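Please look through the sequence and the model shown below before reading on. The paragraphs that follow lead from one part of the fold to the next.

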Amino acid sequence: MEVTPLIAPERQLIQSYGEGGFKITGIRHEGSILVLPERTEAWPVADLGQAPPDSLGPILAHEPPVEILLIGAGGRFARLPRGLRDGLKARLPRLSIETMDTPAACRTYNVLLAEDRRVAAALIAV
């Protein structure tokens with residue numbers, strides 16, 4: 001029985017992570033990234049505590065609005081700084097924000113993508 005999730009070819013599937021980057025739908029990206037359903041962009045953040053709210057502009061501006069934002073904090077869990085959380089919630093009050101380590105965020109993103117949820121991820125490279 002085939003259990004590979006059916007994901008539309010234009011969707012950004014996280015295939016691997018590590019060694020300072022990610023492989024998304026066949027393309028290697030170095031450093032931290034923002035993953036939206038149809039594109040992946042560089043995210044110039046190495047530490048969650050230094051992430052300004054405007055660095056997440058592509059996620060905040062996405063249409064239709066993202067429902068779930070997964071934040072991968074690197075190799076270990078880190079709390080989302082209150083100012084960043086408050087800034088995100090002020091712009092998108094219905095946005096569900098989940099912070100976890102980057103490997104867990106990658107796995108969770110793929111599951112939600114396979115469920116056709118409006119999900120995005122901000123991932124610090126490991």
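Which residue takes a positive phi in the hairpin of β2 and β3? In this hairpin, which has two residues between its strands, Thr25 has a positive phi near 45°. This is a predicted model, in which local features need pLDDT of at least 70 and side-chain atom pairs count only at pLDDT 80 or more, while totals for chains, interfaces and linings use all residues. Residues are numbered from 1 along each chain as its sequence is written, and side-chain values use heavy atoms, with hydrogens and water left out.

Ile24 stands opposite Ile27 in β3, and Phe22 has His29 of β3 as its bridge partner. These strands belong to an open sheet of three, ordered β1-β2-β3 with antiparallel pairing. Its edge strands are β1 (14-18) and β3, each of which pairs on one side only, and the twist from one strand to the next averages 20° (axes are lines fitted to C-alpha atoms, for helices over the stretch in contact, and angles run from 0 to 180 degrees between N-to-C directions).

Across β1 and β2 lies α3, which runs at about 180° to β1. This helix, covering residues 102-114, includes Asn110, which counts as buried at 18% relative accessibility (buried means under 20% relative accessible area, exposed over 50%, and partly exposed in between, with a 1.4 Å probe and protein chains only). Leaving aside neighbours within four places in sequence, Asn110 is in contact with Leu13 and Ile14, where contact means heavy atoms within 4.5 Å.

A second open sheet consists of five strands in the order β5-β4-β8-β6-β7, with mixed pairing. Because β5 (39-42) and β7 (96-100) stand at the edges with a single partner strand each, one side of each is left without a neighbour in the sheet. In this sheet the twist averages 15° from one strand to the next. β6 and β7 pair in the parallel sense over five bridges, and Leu70 stands opposite Glu98 in β7. Helix α2 packs on the sheet, where it touches β6 and β7, and its direction makes about 155° with that of β7.

The loop between α2 and β7 holds Arg94, which is exposed, with a relative accessible area of 82%. Not counting residues up to four places away in sequence, Arg94 touches Glu67 and Lys89.

What, then, lies in the interior? A nonpolar core is a set of buried Ala, Val, Leu, Ile, Met, Phe, Trp, Tyr and Cys residues joined through side-chain atoms within 4.5 Å. The largest such core has 22 residues, and those with the most contacts inside it are Trp43, Leu48, Leu56, Ile59, Leu69 and Leu88. Two or more of its residues come from each of β4 (33-36), α1 (57-60), β6 (68-72), α2 (82-91) and β8 (119-123). Apart from this core lies another, of 17 residues, among them Met100, Ala104, Leu112 and Leu113.

How values were computed:
Helix = DSSP H or I, 4+ residues; strand = E, 2+ residues; numbered from the N terminus. Pairing = 2+ DSSP bridges.
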